[in-house]
Amino acid sequence: MVAFEVPEIDYSRYTNRQLAAVPLAVLAVALVVVGGWYVATGAPVQPGVDFTGGAELRVAVDAPDGQAREQIRSAFSPTPETIRSVPSDNTYILTFQTDGGNVDLGALEQQARDAGFQVESSYEVSASFGAQTQRLAFGGVVFAFLGMSLVVFGMFRTFVPSVAVVISAFSDIVIPVALMNVFGIELSLGTVAALLMIIGYSVDSDILLNNHILRRSGGFYESVYRAMRTGVTMTLTSLSAMIVMTIVATLFGIQLLASIGTVLVFGLAADLMNTYMLNLSLLRWYKYEGVKR
Amino acid sequence: MSLRENWRILLLVVVLLASSFALFSPTVGGDSGQGTAAEGPTNLRYGLQLSGGTRIRAPLVGVTAEDVDFGGTQPPEVEQAVAEQLENATVADVTARTYQNAPSAVEVTAGNVTTQELGDALSAAGYSYDSGSLREGVTEQTRQQTVQVLSNKINEAGLQGGTVQQISTSTGDHFILIEVPDENRQRVLELVNQRGSVRVDVYYPTDGGYEQQTVLEREDFQSIGTAQQGQEGQQPNVPVVIKESVAPELQETLVRTGVAKQGGSQCTYAENPNSTDACMLLVVDGEVVNAFGMSSGLASGMRSGEWAQDPRFVLQTRNFSEAREVAINLRAGALPAKLDLGPGGEGTSSYVSPGQGESFKFDSLITGIISVIAVSIVVFIRYGQVRVAAPMVVTALSEVVVLLGFAAGIGYPLDLSVIAGFIAVIGTGVDDLIIIADEVMAQGDVSSHRVFQSRFRKAFWVIGVAAATTIIAMSPLAVLSLGDLQGFAIFTILGVLVGVLLTRPAYGDILRSLMTSR
């Protein structure tokens, strides 16, 4: 078997400013997108049925795609907000979000049956319950982030390296959220789970890098290269698993797994950049200049 | 390879065997308990998402005031007094509760009474209360009774494996969670969405028109039969036996009001309620569902007083499904409070068809397998050595086996979120194994035991910190969540623990015996 090697990057060619500029610029753009979304819609990301309240129906329609969509649009009142087809089994996932999120699911099920569709699954969340879930999810993400920060500070006990990890993790979360807005992915329970997983995944490679540079013998660039060999392998492995999972789960119409996968792909890709550009430049500054001061 | 050196591997093997036992042994988890049934070749239980069924989660409708000073008045009088002050509630909707060691409470379970109205009613009736304790919701006893009645209803309706439980959130909100496998949403909703209080009234002519009087309530029945399909012109009905203590009085009332008049009574309540004979009305949740008269045979038995010796009776309904509903409601009892469901309510409900559940189960398995294959391919390409990569994949999979064994052992139902947790565990697991492998193999051969140990310990520091952050990141979901992501969080945390304490150290040992034995 052919072993692939993580390529060695000659970091000495770039200044810290150059290295940090790219991820910071991306973070700034992401923050603008998220902030702009917040100003425009009142939420940092489009909340899905889980959070706004509403209904979701999965129906089997016995017709070719174009016709099926037409039939679906005419069968329901109110008309579904989104119609997604699931390629593997000729079903369609419909979401309804109307008037404060309160939809009569019983009536929708009846409309589906009247139109000759088979109801494969149905799901209804009340607006107030959704609002509660939203608070919980938000609180959960904030708590997880603060908890992670505390652990990191507790472990490294020095300001700059700890802050480097925390900023990277922050960016790892903000960038996927911005990308969700760009690609029109709604916030669901699955994407919240994915955001929490990013916190766990992203600190892995950051801690590894910090650990190699701060706690090991050997030169800076040598330590970086060793940390990268391990860290990049880790992230690439996770990334490939998540890309595959996203594709397969989308084909099968397993939305929970698909949304977890998508957001994790964004997050892991962002993590590669943040760890080996942002975190690294901060550590190099700390190692060569920060410690002396 | 001494046993002492390799105790971690040995421990992993033992735990794997125990997990396999929990997974496959017919002696474990095979009880026909509540909830989801174990099926297939394993002892795994599947949640509704993967097996199909209906789930309803809703709070109970009501308002409660605590710390109410009854001033020596008995609860029934308090209820009467408070109900009189409320426009939208009757005595039946008001419950006054006294406790041995806690202040008394008053709750109103009518849907359209606000906390403000309850407070005003209490003040108007002259009872002082703690104005800070006025809240939406009902008392703990009412919730428990509701859970009991709902369980009864589901059992009586023959819905196999249905469960009802009370869950509360960290914010102090209480929900009733109903899960019924294989049944569609409509049917379950119809069953649980009505209070189901059944009573029988007599409706009889007097000098100045018609009067109505309640003669039978749920506690007056000795036994309740199963719903009968009506035969030979008979209406569908529920045969019942009246308690002996109530029978004479009922007999007397029916004779006095003219229901049991000579030759029986013909009821035309539905067509012309102002000129009918005396009728018996079957009233469910305050609505008359059927009105019926009495046959001449039964009437003569009542008139002679023989009936009370053997007080059998038949509650007639218009159709069979109504008869079944009445029988279920009579046997299960009425809900002390209603579930807040439907448009504008606070509840949620979901339904997955059994076919869809089955395909979710199969598809998510395939998704998991393909993801593992992807991980394996990357790891094999990266290391190029089968003896480093193969144990890695096997170790990561063994974490999933341990978790599956755990799920089977405690009967935790698998849902999509749990499967997402498994995939997360494989992800973090492989990450950690890569750290161990790289660390151990760094800078030349691992010649001695001591070198290995020190390298392994270094690798473990990173893994430990990463595990701690993952556990902290997931803990809010494991504790706070209302259920949908709880399985995900619990199994991710468990997986990280199993990994750090058991499988990842064992992988270190495997790698060492492979590396140092060269």
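How many residues does helix H8 (residues 220-252) of chain A have, and how far does it reach from its first C-alpha to its last? The views below, taken from a predicted model, start with that helix and then turn to a strand of chain B.

**View 1. The span of helix H8 of chain A.** H8(A) has 33 residues and reaches 47 Å from its first C-alpha to its last. That is close to the 48 Å expected at 1.5 Å a residue.

**View 2. Bend, cover and end of H8(A).** Follow the helix to Met228(A), where H8(A) bends by about 25°. H8(A) is mostly covered, with 24 of its 33 residues buried.

View 3. To see both faces, find Gly53(B), Arg55(B) and Arg57(B) on one side, all buried.

**View 4. E1(B) beside strand E7 of chain B.** E7(B) covers residues 174-181 and pairs with E1(B) in the antiparallel sense over six bridges. A handy landmark is Thr54(B), whose bridge partner in E7(B) is Val180(B).

**View 5. E1(B) beside strand E15 of chain B.** E15(B), residues 348-352, runs antiparallel to E1(B), and five bridges join the two strands. Look for Gly53(B), which stands opposite Val352(B) of E15(B).

Technical notes:
Residues numbered from 1 in each chain as written. Chains lettered and ligands numbered in written order. Predicted model: local features only at pLDDT ≥ 70, side-chain atom pairs only at ≥ 80, totals over all residues. Heavy atoms only, no water. Buried < 20%, exposed > 50% of the residue type's maximum accessible area, 1.4 Å probe, protein only. Helix = DSSP H or I, 4+ residues; strand = E, 2+ residues; numbered from the N terminus. Pairing = 2+ DSSP bridges. Expected span 1.5 Å × (residues − 1). Bend = angle between axes of the 7 residues up to and from the residue.
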